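Subject: Structure for your review

Dear colleague,

Please find below the structure that I am handing over to you. My notes on what was found in it follow directly after.

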Amino acid sequence: MKSCFTVSISLFFFLNFLSVYTRSSEAAPEYLFHACPNTTLFTTNSTYRSNLDTLLSSLSSAATNSTDGFANATAGQNPPDQAYGLFLCRGDVSTATCSDCVSTGKQEILQRCPNQRVSVIWFDECMLRYSNEYIFSVMEEEPVLWMANGVNISDPAKFRQVLGSSIREVAYTASGKASRKKFASTEMNLTSLQKLYTMAQCTPDLMALECNRCLLSAIDILEREEIAGAFTPSCNARFELYPFYNVTAVRASPPPPVATSEGSPPPPHPPPVTTPEGKNNKFTVITIVIVVPTGGVMILVFLT
């Protein structure tokens with residue numbers, strides 16, 4: 001009897017540990033990718049590194065009580081050692097999730113980009129970036145993160161039609177928001193049994209027309225390359241055939257009024273982003289292919 005009781009207690013604690021471990025693993029921010037060009041470097045004991053540490057600590061602290069999932073900060077007095085940084089959390093995540101993501105990003109960005117003055121890191125829940133140049137209210141379309149999701153579509157023509165309508169709807173809505181959250185999402189029926197979920201978001205320091213231009217450029221890449229998402233330092237657009245954002249949280253939030261700058265319509269569809277010949281550009285394309293086998297997620301990364 002005693003032996004049976006001991007085994008039962010041991011099994012209970014093992015299962016309890018396994019449950020806690022599983023929940024902790026699921027709660028961890030999902031890393032996507034990072035970009036840090038080697039064009040500008042700093043040394044470990046430099047003034048810039050000191051300012052960067054101060055900057056990242058300030059952003060991490062700001063995330064603990066950020067209700068709109070965005071903040072920017074500056075550290076240092078004199079260029080080129082001044083550090084500018086910001087974070088953007090996905091519009092549906094809670095303050096706690098946002099804070100956890102930024103805190104994780106603060107650690108990982110220095111590990112993955114140990115001596116670069118310009119860096120950006122993406123997680124599924126947030127984006128964190130810094131630079132020695134002024135980046136606030138400046139639209140950045142590079143580098144671009146491509147997220148490809150291999151799904152089988154039975155009616156491609158209808159899918160393209162529904163996607164084109166829904167992705168532009170959320171882009172227009174997100175860019176027109178006057179609030180500190182330039183975020184929008186929507187659900188549309190593909191069939192009686194299948195829905196399409198789309199989302200678009202900009203950093204809220206962008207003007208409405210710049211946000212719209214950034215999103216339309218991302219959508220152009222998304223449609224042209226037939227990928228599921230396009231992420232830049234200033235905006236992102238994504239779709240899936242499953243609810244990849246918190247649908248309950250999104251539905252609970254009342255939609256703010258939509259307005260365009262000075263009453264003007266959104267700008268025309270921008271041309272594809274290209275890199276001029278002969279220009280030493282930092283343009284980077286990062287492709288992530290997500291394969292979802294039974295019981296897990298595998299991420300394959302390709303650089304081009």
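A residue counts as exposed when its relative accessible area is over 50%, as buried when that area is under 20%, and as partly exposed in between. Please keep in mind that the model is a predicted one.

Backbone

Glutamate 226 has a relative accessibility of 68% and is therefore exposed. This residue lies in the loop between α5 (208–224) and β9 (229–231). The phi angle of glutamate 226 is positive, near 55°, although the residue is not a glycine. Serine 137, likewise not a glycine, has a positive phi near 60°. The loop between β5 and β6 holds serine 137, and its relative accessibility of 38% makes this serine partly exposed.

Aromatic rings

How many aromatic pairs does the count come to? The count is 8 aromatic pairs. In one of them, the ring centres of tyrosine 84 and tyrosine 134 are 5.6 Å apart and the planes stand at 75°; the pair is edge-to-face because that angle is over 60 degrees. The two residues are 50 apart in the chain, with tyrosine 84 in strand β3 (residues 83–89) and tyrosine 134 in the loop between β5 (126–131) and β6 (144–149). Tyrosine 84 is buried, at 12% relative accessibility, whereas tyrosine 134 is exposed, at 52%.

A further edge-to-face pair is formed by tyrosine 197 and tyrosine 245, whose ring centres are 6.2 Å apart and whose planes meet at 75°. This pair also links distant parts of the chain, 48 residues apart: tyrosine 197 belongs to strand β8 (residues 195–202), and tyrosine 245 to the loop between β10 (235–240) and α6 (247–252).

Charges over rings

Two arginines lie over tyrosine faces. Arginine 112 is placed over tyrosine 31, at 3.7 Å from the ring centre. Arginine 117 is placed over tyrosine 48, at 4.7 Å from the ring centre.

Cavities

There are 2 cavities of 30 Å³ or more in the structure, and the largest cavity contains about 150 Å³ of space. Which residues of its lining are the closest to the centre? They are Phe123, Asp124, Cys126, Phe231 and Asn236, out of 17 lining residues. Two or more lining residues come from each of β3, β4 (119–123), β5, β8 and β10. By type, the lining of the largest cavity comprises 10 nonpolar, 3 polar and 4 charged residues. Domain 1 (31–136) and domain 2 (146–252) each give at least three residues to this lining.

Yours sincerely

How values were computed: Residues are numbered from 1 along each chain as its sequence is written. This is a predicted model: local features need pLDDT of at least 70, side-chain atom pairs count only at pLDDT 80 or more; totals for chains, interfaces and linings use all residues. Side-chain values use heavy atoms; hydrogens and water are left out. Rings of Phe, Tyr and Trp (its six-membered ring) pair if their centres lie within 6.5 Å; planes under 30 degrees apart count as stacked, over 60 as edge-to-face and the rest as tilted. Helices (H or I, at least four residues) and strands (E, at least two) are DSSP runs, numbered from the N terminus. Buried means under 20% relative accessible area, exposed over 50%, partly exposed in between (1.4 Å probe, protein chains only). A charge sits over a ring if NZ of Lys or CZ of Arg is within 6 Å of the ring centre and within 35 degrees of the ring normal. On a 1 Å grid over the protein atoms alone, a cavity is a set of points where a 1.4 Å probe fits but cannot get out, and a pocket is an open set with protein on both sides within 12 Å along at least five of seven lines; lining residues have an atom within 4 Å of a point. Grid points are joined across faces, edges and corners, and a volume is the space filled by probe spheres set on the points. Ala, Val, Leu, Ile, Met, Phe, Trp, Tyr, Cys and Pro count as nonpolar, Asp, Glu, Lys and Arg as charged, and the others, Gly among them, as polar. Domain bounds come from an automatic or database domain assignment.
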